[in-house]
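Please load the model in a viewer and keep the selection panel at hand.

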Amino acid sequence: MTQFDLPLDQLRTYRSESVEPEDFDVFWAETLGEARAHPLDARFEAVPTGLATVETYDVTFGGFGGQPVRGWLVLPAGATEPLPVVVEFLGYGGGRGLPHTHLLWASAGFAHFVMDTRGQGSGWATGDTPDPVGSAPSFPGFMTRGVEGPYTYYYRRLFTDAVRAVEAARSHPLVDASRTAVTGGSQGGGITLAVAGLVPDLVAVAADVPFLCDFPRATTVTDRMPYREIGSYLKTHRGRVRQVAETLAHFDGVHFAARATAPALFSTALEDQTCPPSTVFAAFNAYAGEEKAIEVYDFNDHEGGGVFQQAAQLRWLPGRLRG
């Protein structure tokens with residue numbers, strides 16, 4: 001696939017037409033308030049991995065509705081003083097997987113908290129967190145679960161889990177809560193932007209090829225899954241276009257980005273049909289932080305920069321976490 005979206009010079013000035021709901025801030029304040037009424041109850045159980053350079057903990061904490069969410073906490077072996085922490089969110093369909101697959105940030109000297117994704121974890125990596133909340137009829141996948149309204153939408157639960165994951169990570173005695181970064185790719189990048197807009201005291205945000213941004217354009221410029229789930233749902237539910245748009249606007253990364261101020265590093269790929277570059281630039285251009293940069297990979301699809309982007313993060317993130 002050659003480049004299919006707007007030319008790069010237009011991408012750098014592109015602005016989303018997503019309309020911010022009037023109740024956006026009230027909705028999220030209410031949602032997080034309800035979650036915080038339940039105990040966080042973060043528990044960390046050491047697990048053997050056969051690895052000599054890291055120590056790993058199986059984590060359980062109370063997410064949306066107090067429902068248990070799993071994760072991993074990976075620390076450099078022998079750590080005795082509180083460390084900066086990188087909280088990571090995962091791509092669509094995946095779960096936390098096995099602990100030995102999460103070594104990058106602990107190897108760089110940081111605490112690394114990996115949040116499992118409720119109801120997913122059967123696509124490309126295993127998960128251990130069920131989603132006990134049902135929904136009205138939806139298209140297979142997660143994009144239309146509960147999409148009839150913002151209070152029932154799947155991503156209300158998942159974004160709330162993510163905010164609580166930051167709180168759980170910060171509760172561990174070997175984590176320096178004042179030095180917290182969030183990161184993720186694709187769906188994980190979209191969750192990263194949501195957390196960046198909801199947690200005001202982060203020190204860094206690294207969102208790679210983020211999903212869940214600029215829904216009005218994403219749902220019309222690409223027919224690739226998972227965005228196509230929304231179009232397929234509306235193909236059947238013909239009279240719900242406005243209703244669905246109003247729901248999705250409460251979860252659009254563009255609106256979270258407009259509230260985020262921590263230093264940020266984005267990435268996009270110009271042949272990416274899963275998360276089209278215009279949708280990524282929509283969030284990047286709306287991002288409120290003064291310090292922001294974006295890596296552009298001209299001839300890549302949704303794999304984005306891959307290990308090259310990890311190298312970019314390793315050059316960029318330590319200065320923010322240790323500064």
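Begin by selecting strands β3 (residues 68–76) and β5 (residues 111–115): they run antiparallel and are joined by four bridges. Within this pair, W72 has V114 of β5 as its bridge partner. The model is a predicted one, in which local features need pLDDT of at least 70 and side-chain atom pairs count only at pLDDT 80 or more, while totals for chains, interfaces and linings use all residues. Residues are numbered from 1 along each chain as its sequence is written, and side-chain values use heavy atoms, with hydrogens and water left out. Helices (H or I, at least four residues) and strands (E, at least two) are DSSP runs, numbered from the N terminus.

Nine strands form an open sheet with mixed pairing, in the order β1-β2-β3-β5-β4-β6-β7-β8-β9; two strands pair if DSSP finds at least two bridges between them. β1 (43–47) and β9 (292–297) stand at the edges with a single partner strand each, so one side of each has no neighbour in the sheet. On average, neighbouring strands of this sheet are turned by 20° against each other, direction ignored.

Axes are lines fitted to C-alpha atoms, for helices over the stretch in contact, and angles run from 0 to 180 degrees between N-to-C directions. Contact means heavy atoms within 4.5 Å.

Select α2 together with α4. Their axes come within 10 Å and cross at roughly 60°. That makes α2 oblique to α4, given that angles under 35 degrees count as roughly parallel, over 145 as roughly antiparallel, 65 to 115 as roughly perpendicular and the rest as oblique. Among the residues that meet here are F27, W28 and T31 in α2, and Y155, R156 and F159 in α4.

Move to helix α8 (residues 241–249), where V244, T247, L248 and A249 are buried, that is, under 20% relative accessible area, with exposed over 50% and partly exposed in between (1.4 Å probe, protein chains only). The cover over these buried residues includes α2 (24–36), α6 (215–221), α7 (227–236) and α9 (253–257).

Finally, select C213 and C275. C213 counts as buried at 0% relative accessibility, and C275 counts as buried at 0% relative accessibility.
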